[in-house]
Amino acid sequence: MTTLHQLYEQAQCYLPGGVSATARANPAIGHPLYVARGDGSRIYDVEGREYVDMCMSHGASLLGHNHPGIKAAVKQALDLGIICSYETEHHVALARRVTELVPCAELVRFAGSGTETVMHALRLARSVTGRDKIIKFEGHFHGYADALNFSAAPPLDDAGPADAPCAYAESSGIPASARGDIVIIPFNDETALEAAFAGHGAQAAALLLEPINYDQGCILPQPGFLQQCRRLCDRYGAILFFDEVLTAFRLAPGGAQQFLGVTPDLCVLGKAFGGGTPISAVAGKREIMAHLRPLGRSEWSGTYLAHLTTVLGALAALEQYSSSGFYDRLNAVGKHFYAGFQTLVQRSGVPLRLQYAGPRFGMYFGVRDEVTNYRQAARKNRALEHAFIAGCYRRGVYFAVSPHHGFSAAHTIADMDRVLDAIGGALEDVRRLEETKR
């Protein structure tokens, strides 16, 4: 049997860093987790060790791994001939269902990854308005396209003033010219928001945001903040654009826009949308979506868009999310878990702020007060976070090194009790580490 460490050595010969995506590296445990299979709330590594999964495909596997409905949908797609680059009745059915569930959805266009969907939707927003600038919030992540890969997690020394952040390129190779069309502002700051619109609103195609900033753990909008975003977009003629790659279907069938009660003009749906299959979508008002070809002049096409395996997977996922009691059951597990987690934190004395919304949460080690923006989130103690993740890993619970973590509909109270046992031990590891550094 090839051991995990042997596989890591082999992988580095053929894959940069031994991984197919940067986020799959795990510096807390010293290597990627090479998985042999997954089932429900569990994943199993190549050496046969079992873990309760608290990554859940970074939120994509909201139904759990190996869900029978998703498996049946994929099998149906295979039986139909692995249809690629054709329209079917199932595409129509999926689009119809999205319009029934998502408040802003009057027309829908499908794609693959969140990055490509946001990229296309940004072009659409510019086409509709005839404007180039985008206003976005510091700490909000909108994929890896050059036009938007700015200030998702900037080093604080390079981030500029807190009330007027600079546009920090998150990767080498991004043209410096791309900075000219993006305006970065702090989240949950109405004064900065109003100032940005006063200075750039007439040139802004869209205000783009995560309605819940899961990509910095879990930062909820302050009361009235999203309503002010809506009012300013209406006043200046900009598109209110929700990036719901992470929030879609996670808190309610209509996503964060239903949960928070603010309807955008345009949104991107992703991750949980496909139940673990790779599909995303843009959904929006008819007058905006009608600018897409073949009706309008904004291009959006591709051979692999809305592959039938993913369309049928998404239909099966939406059936589950729409079923009676789905979110009640999810929230009951969360209530039990979060209460237990908070108790363990208080008992341990470890400085740790836990913030959550639905089945996804953020952990801010070294922080005790509420986190409302990126600058506060960025001050968390990463050494303590890594020690915690490593401690949970040794005890059979897997956390990725990621701002956000979560559970699925497959996780039971018993599963979460096992997670809490591991967390209790890991917090003790962190407490001892803190003591040695005093």
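This is a predicted model: local features need pLDDT of at least 70, side-chain atom pairs count only at pLDDT 80 or more; totals for chains, interfaces and linings use all residues.
Residues are numbered from 1 along each chain as its sequence is written. Local features need pLDDT of at least 70 and side-chain atom pairs count only at pLDDT 80 or more, while totals for chains, interfaces and linings use all residues; side-chain values use heavy atoms, without hydrogens and water.

Me: Why is the aromatic pair of F187 and F225 called edge-to-face?
Reply: Rings of Phe, Tyr and Trp (its six-membered ring) pair if their centres lie within 6.5 Å; planes under 30 degrees apart count as stacked, over 60 as edge-to-face and the rest as tilted. F187 and F225 are 5.4 Å apart centre to centre, with 85° between the planes, so the pair is edge-to-face.

Me: What makes the pair of F337 and F341 tilted?
Reply: The centres are 5.6 Å apart and the planes stand at 55°, so the pair falls into the remaining class, tilted.

Me: Why does F187 count as buried?
Reply: Buried means under 20% relative accessible area, exposed over 50%, partly exposed in between (1.4 Å probe, protein chains only). F187 has 1% relative accessibility, so F187 counts as buried.

Me: How do you know that R37 lies over the face of Y44?
Reply: A charge sits over a ring if NZ of Lys or CZ of Arg is within 6 Å of the ring centre and within 35 degrees of the ring normal. R37 lies over the face of Y44 at 4.0 Å from the ring centre.

Me: What makes β11 and strand β12 a pair?
Reply: Two strands pair if DSSP finds at least two bridges between them. Six bridges join β11 to β12, so they pair. Strands (E, at least two residues) and helices (H or I, at least four) are DSSP runs, numbered from the N terminus.
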